[in-house]
Amino acid sequence: MAAVGMVFAPAGRCAQTTNPPLAFDAASIRKNVNNIGVCSPEQVQATPSGFRLTNCPLIVALGTAYVPMTGEALGFVIGMGDRIVGMPDWMKSEHYDIVARISDADAEAWKDPARQKVMLRAMLQTLLAERCKLVVHREMKERPVFAIVVGKNGPKLKAAETTDMDALHTKYPNAMTVPGGGGMLAGRTNGGSDLHGATIGTLSLVLSYPAGRPVVDKTGLTGRYDIEVPRMQNLTADNAGADGAPTIFEVVERFGLKLEIQKDPVEMLAVDHVERPSEN
């Protein structure tokens, strides 16, 4: 078992850090009782001076603090916790606001996007450990997955107009950057998504929610694509009011791909202990 504040090593081993864990200089966690704000990618993000989360369940903060060792963005929270075990229901149902500020000493390093990503995860882990007494460990379990593979007639995907992140930020200012170099993702008001300069790994991530299980990229495709993903029926939910939305199988077929049911080892995040946030 490895607790927050320790470095996860392969095969479940952990090594104690020699330096104090990275931490925010100041942070506030408050329950959002007035339902002010909408939990969206724009409301869960690093800021020039720290981090902000608005009207979101703490599973979102947990998923931001911990990602699978393979690095896929929000990999643990697709399906609102399908890959997180031992988590109490209140972490998914109660909404909170988090406002955190970094110290002046960390400000220069924070400007580097790659370092900021690492620092943010470490600081959120420390925050959740201190305020929620969070203790977690990682484990591998064989689970059913959908493997996304190339269809009989080959892929039907639009090559990305550009993969230059600065150009994408300028053209799509409201899109979120997918960590790990996966391109950019913008949600639509109707429930669909637009992917820009994206990998098939990012497409797999988006498809995992309506699939109700992990979607694993086994296409072998290494290109970058601009992909319009429509709203889909959720395979594990009541789709009343879906208004003729296509299934994930129909959508994947449009892209010249297909899904195969397989079993794969899937990394899980196990919550050993957690409490509601302490008073600020």
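**View 1. Packing of helices α1 and α4 in a predicted model.** In this predicted model, α1 and α4 pack at an angle of about 135°, with their axes 8 Å apart; axes are lines fitted to C-alpha atoms over the stretch in contact, and angles run from 0 to 180 degrees between N-to-C directions. From α1, L58, A61, L62, T64 and A65 meet L120, R121, L124, Q125, L128 and C132 of α4, where contact means heavy atoms within 4.5 Å.

**View 2. The largest nonpolar core.** Among the 37 residues of this core, F24, F51 and L62 touch the most other members; such a core is a set of buried Ala, Val, Leu, Ile, Met, Phe, Trp, Tyr and Cys residues joined through side-chain atoms within 4.5 Å. The largest share, seven residues, comes from α4. Leaving out residues up to four places away in sequence, L62 touches I84, M87, M91, L128, L134, L269 and V271.

View 3. R143, which belongs to strand β8 (residues 135–150), counts as buried because its relative accessibility is 16%, buried meaning under 20% relative accessible area with a 1.4 Å probe and protein chains only. Apart from neighbours within four places in sequence, R143 is in contact with D82, R83, Q262, K263, D264, V266 and M268.

**Notes.** Residues are numbered from 1 along each chain as its sequence is written, and side-chain values use heavy atoms, without hydrogens or water. Local features need pLDDT of at least 70 and side-chain atom pairs count only at pLDDT 80 or more, whereas totals for chains, interfaces and linings use all residues.

How values were computed:
Buried < 20%, exposed > 50% of the residue type's maximum accessible area, 1.4 Å probe, protein only. Helix = DSSP H or I, 4+ residues; strand = E, 2+ residues; numbered from the N terminus.
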